[in-house]
Number of protein chains: 2
Amino acid sequence: MFNRMSKTQKVDTFRGASLPAYQRIAAAIRDKIASGELAGGQQLPTELELAEQWGVARQTVRNGIAVLVSEGLVVARRPLGHFVRKREHMLYRPQGESRDQPASPEMDRFCQQIIEEGRVPSQTIDVSLVQAPPDIAERLRVDPGTVVVARRRVRYINGEPININDSHFPLDIVKDSEIMSPADVARGTNQALADLGYPQDRAIDEIYTRMPTPEQIRRLDLGPGTPVAVHYVTGYVADGTPVRCTVNVLPSDQHVIVFERKFERTWS
Amino acid sequence: MFNRMSKTQKVDTFRGASLPAYQRIAAAIRDKIASGELAGGQQLPTELELAEQWGVARQTVRNGIAVLVSEGLVVARRPLGHFVRKREHMLYRPQGESRDQPASPEMDRFCQQIIEEGRVPSQTIDVSLVQAPPDIAERLRVDPGTVVVARRRVRYINGEPININDSHFPLDIVKDSEIMSPADVARGTNQALADLGYPQDRAIDEIYTRMPTPEQIRRLDLGPGTPVAVHYVTGYVADGTPVRCTVNVLPSDQHVIVFERKFERTWS
DNA sequence: AGGGCAACATTGACTAGACAATGTTCAACC
DNA sequence: GGTTGAACATTGTCTAGTCAATGTTGCCCT
C-alpha cells in the first residue's frame with residue numbers, strides 16, 4: 001500500500017499549529033458542541049466515518065473522542081455511537097436541608113430556576129458501627145479506629161442515585177437513640193441530636209472536588225469524565241465539641257451547591 | 001510467534017472478575033497508591049516493564065495508565081517516566097477574604113492545619129468593559145450583551161497560577177470609581193462598593209464542579225485529570241438589587257473551599 | 001399479533017510495530 | 001570550569017489489522 005507521504009505524520013496537512021491529529025479532531029468536535037452545531041443528545045459521526053473524513057486510522061479518532069469523553073462532553077451508547085451529553089443541574093442546598101431558613105427572595109428565585117417537576121425522590125438508609133476512617137476521626141477529634149456510628153444514605157431521584165450522604169456521630173452521645181435506627185428521622189437528625197442535649201451551634205463546610213474513586217463510581221453509577229464534589233460538614237455544640245461529621249458526595253455535573261450568606265454588620 | 005492461548009484475550013488469566021486487562025493494571029497500580037506502597041512523587045515502572053510483567057502489549061499498559069492520569073493520580077514527566085502525583089490542599093475561604101469575620105476557634109484550627117509557610121502571593125489585575133456573558137447577565141439581572149465592568153484577576157502563589165477571580169459590576173454604579181482602576185483596592189472592592197452607596201447585605205454562593213475548558217486549562221496551567229470548581233458569588237444590597245457577580249475558578253486538587261455557618265436560632 | 005432469534009452496526013479491547021518528541025546525562029571540547 | 005552536543009531512555013503519536021461485546025432492528029415462525 002502506498003501513501004502519498006512517506007511516513008511523516010506531522011506534515012500531512014499543516015493547517016493550525018500542528019497539534020497532534022487526535023487533538024485537532026477533539027478540538028473540532030468540541031467547537032461544534034460549544035457553538036451548538038452539535039446539540040445535546042445528538043449523535044456524532046461514527047468512528048469509521050470520522051477516520052475517513054480526517055484521513056486517519058480509527059484508533060486516532062478514538063483517541064480524540066476519548067479526550068471528549070474524559071471532559072464529560074460526550075458519552076458512548078454502545079452499538080449506536082457517540083452522543084453529545086446533555087447536562088442539567090440539580091440543586092444542592094446545604095443550608096436548606098429539611099428546614100426553613102430565612103431564604104431571601106433572591107434565594108427563592110434561584111431555587112425556582114433550577115428545581116423541576118415530576119421528580120420522585122427516594123433513599124436507602126443503613127446504620128452501622130464502624131471504625132472511624134482518618135478523615136472522619138480527624139474532624140470528630142477522636143483517634144482513628146475509634147468506633148463511631150455511621151448513618152449512610154444514598155438518595156435517588158427517579159430511581160437514579162443522586163448523592164451519597166454519610167453522617168458520623170460519636171458513639172457515646174447517640175447510643176440507644178433514634179439516630180441508630182435505619183429509618184428516616186422525620187424531624188431530622190440535627191433536631192434529634194439537639195433533643196439528646198447536643199444542640200449544634202455552628203458548622204464548618206469544606207468542599208473538595210476531584211475525580212471519583214471506583215467505589216464512588218459504583219455507588220453513584222457515574223459516567224466517565226464526571227468529577228465529584230466532596231462536602232464535609234462538621235457540626236459543633238456551643239463549647240466547641242464536634243458532634244457530627246457528614247460527608248456528602250455529589251456527582252458534579254448534576255449539582256449546583258448553593259449557599260446564602262448574610263453580612264451582619266461586618267461591612268457597609 | 002506462538003501464544004499459548006490462540007487469540008482469546010479474556011481468559012488468559014482469569015483471576016478477578018475478568019475485567020479488561022488495562023483496567024486490571026490500572027486497579028493494581030491504584031491500589032498500590034492507595035495503600036501507600038507507591039508514595040507521592042515515586043516513579044512507576046516504565047511502560048515496557050509493565051508490559052512485560054503483565055504479558056500484554058505496551059499500548060494496553062498505556063491505556064491503563066491513561067485511566068490513572070485522567071483520575072489525577074499519576075502524571076507523566078516525559079523522558080523520565082510516570083510518577084505518583086502528590087497533592088496538597090490550599091485553603092479557599094469565601095467568607096474570610098481579606099477581612100476578619102468572627103472565625104470561631106474551630107475555623108482557626110482548620111486554617112492552621114492547611115496553611116503553610118514560605119508562600120509568595122502575587123496577582124495580575126485587568127479591568128475592562130465587556131458585554132455581559134449570559135451567566136453574568138442572568139445573575140446581575142441585565143440583558144445579555146449589556147456593558148458591564150469586569151475586573152479580572154489571576155492570583156499566583158510562588159509564581160504558579162492558583163485561581164481566576166473575575167468580578168463583574170453594573171457599569172452605572174462603579175463608573176469613575178476606584179474599582180475601575182487596575183490596581184489592588186486596599187480596603188477591598190466590597191468596601192469600595194459600600195462607600196459608593198451600595199453596601200452589600202447578602203450574597204448567594206453557587207458552586208459547580210466540572211472538567212475545565214481548554215481556555216481554563218491554559219489560564220491556570222492545569223494538568224490532565226484536574227477538575228475545576230466554579231464558584232459564583234452574587235452580592236445584593238438590602239433592596240435585593242444585585243450589585244456584584246464574581247466568578248472564581250479553582251483547580252480542584254489545590255483547594256478546599258471552606259465555609260463557616262452559625263445556627264442562629266433555627267434549631268436546638 | 002407477538003415472541004424469539006439472527007444479522008448487523010458500532011464501540012471496546014488488544015496486538016505488533018514504526019517513528020516522533022523530549023528532557024536527561026555525560027563525555028568531549030573549548 | 002563551563003558549555004556544547006550527542007546518545008539515550010522514555011513517553012507520545014499513529015497505523016492496520018483482529019476479534020469481542022452489545023444493544024438494535026427486523027425478519028421469521030408460531
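This is a predicted model: local features need pLDDT of at least 70, side-chain atom pairs count only at pLDDT 80 or more; totals for chains, interfaces and linings use all residues.
How many aromatic pairs are there over all chains? The count comes to 3.

## Outline of chain A

Chain A holds 8 helices and 10 strands. Of its 268 residues, 46% are buried. Among the contacts in chain A with a separation of 6 or more, 62% are between residues 24 or more positions apart.

## Aromatic pairs

A pair of aromatic rings is described by the distance of the centres and the angle of the planes. Over all chains, the count of such pairs is 3. One of them is formed by A:Phe259 and B:Phe259, whose ring centres are 4.1 Å apart and whose planes are at 10 degrees. Planes under 30 degrees apart count as stacked, so this pair of A:Phe259 and B:Phe259 is stacked. The pair crosses between chains: A:Phe259 belongs to strand 10 (residues 255-262) of chain A, and B:Phe259 to strand 10 (residues 255-262) of chain B. A:Phe259 has a relative accessible area of 1% and is buried. B:Phe259 is also buried, at 1% relative accessibility.

Another pair consists of B:Tyr208 and B:Tyr232, with ring centres 5.8 Å apart and planes at 80 degrees. Planes over 60 degrees apart count as edge-to-face, so the pair of B:Tyr208 and B:Tyr232 is edge-to-face. This pair links distant parts of the chain, 24 residues apart. B:Tyr208 is in strand 7 (residues 200-210) of chain B, while B:Tyr232 is in strand 8 (residues 228-237) of chain B. The relative accessibility of B:Tyr208 is 9%, which counts as buried. B:Tyr232, at 8%, counts as buried too.

Two packed helices are described by the angle between their axes and the distance between the axes. In chain A, helix 2 (residues 47-54) packs against helix 3 (residues 58-70) at an angle of about 110 degrees, and the axes are 8 Å apart. Angles of 65 to 115 degrees count as roughly perpendicular, so helix 2 of chain A is roughly perpendicular to helix 3 of chain A. Helix 2 of chain A contributes A:Glu47, A:Leu48, A:Leu50 and A:Ala51 to the contact, and helix 3 of chain A contributes A:Arg58, A:Val61, A:Arg62 and A:Ile65. Sorted by class, the residues of this contact are 5 nonpolar, no polar and 3 charged.

In chain B, the axes of helix 2 (residues 47-54) and helix 3 (residues 58-70) cross at roughly 110 degrees and come within 8 Å. Helix 2 of chain B and helix 3 of chain B are therefore roughly perpendicular to each other. On the side of helix 2 of chain B, the residues that meet helix 3 are B:Glu47, B:Leu48, B:Leu50 and B:Ala51. Their partners in helix 3 of chain B are B:Arg58, B:Val61, B:Arg62 and B:Ile65. The contact of helix 2 of chain B with helix 3 of chain B has 5 nonpolar, no polar and 3 charged residues.

## Two buried residues of chain A

A:Thr226 sits in the loop between helix 8 (214-220) and strand 8 (228-237) of chain A. With a relative accessible area of 2%, A:Thr226 is buried. Its side chain is joined to the side chain of A:Arg85 by a polar contact of 3.0 Å.

A:Arg153 is part of strand 5 of chain A. Its relative accessible area is 17%; buried means under 20%, so A:Arg153 is buried. Leaving aside residues up to four places away in sequence, A:Arg153 touches several others, including A:Gln123, A:Asn163, A:Asp184 and A:Arg219. A:Arg153 and A:Asp184 are 31 residues apart along the chain, and their C-alpha atoms are separated by 9.8 Å.

## Positive phi in two loops

A:Arg141 has a phi near 60 degrees, a positive value in a residue other than glycine. A:Arg141 is in the loop between helix 5 (134-140) and strand 5 (147-157) of chain A. Its relative accessible area of 35% makes A:Arg141 partly exposed.

B:Asp176 also has a positive phi, near 60 degrees, and is a residue other than glycine. The loop that holds B:Asp176 runs between helix 6 (171-174) and helix 7 (189-195) of chain B. Is B:Asp176 buried or exposed? At 74% relative accessibility, B:Asp176 counts as exposed.

Technical notes:
Residues are numbered from 1 along each chain as its sequence is written. Chains are lettered from A and ligands numbered from 1 in the order in which they are written. Side-chain values use heavy atoms; hydrogens and water are left out. Axes are lines fitted to C-alpha atoms, for helices over the stretch in contact, and angles run from 0 to 180 degrees between N-to-C directions. Helices (H or I, at least four residues) and strands (E, at least two) are DSSP runs, numbered from the N terminus. Angles under 35 degrees count as roughly parallel, over 145 as roughly antiparallel, 65 to 115 as roughly perpendicular and the rest as oblique. Contact means heavy atoms within 4.5 Å. Ala, Val, Leu, Ile, Met, Phe, Trp, Tyr, Cys and Pro count as nonpolar, Asp, Glu, Lys and Arg as charged, and the others, Gly among them, as polar. Buried means under 20% relative accessible area, exposed over 50%, partly exposed in between (1.4 Å probe, protein chains only). A polar contact is a pair of N or O atoms within 3.5 Å; within protein, one must be able to donate a hydrogen and the other to accept it, and residues adjacent in sequence count only if both atoms are side-chain atoms. Rings of Phe, Tyr and Trp (its six-membered ring) pair if their centres lie within 6.5 Å; planes under 30 degrees apart count as stacked, over 60 as edge-to-face and the rest as tilted.
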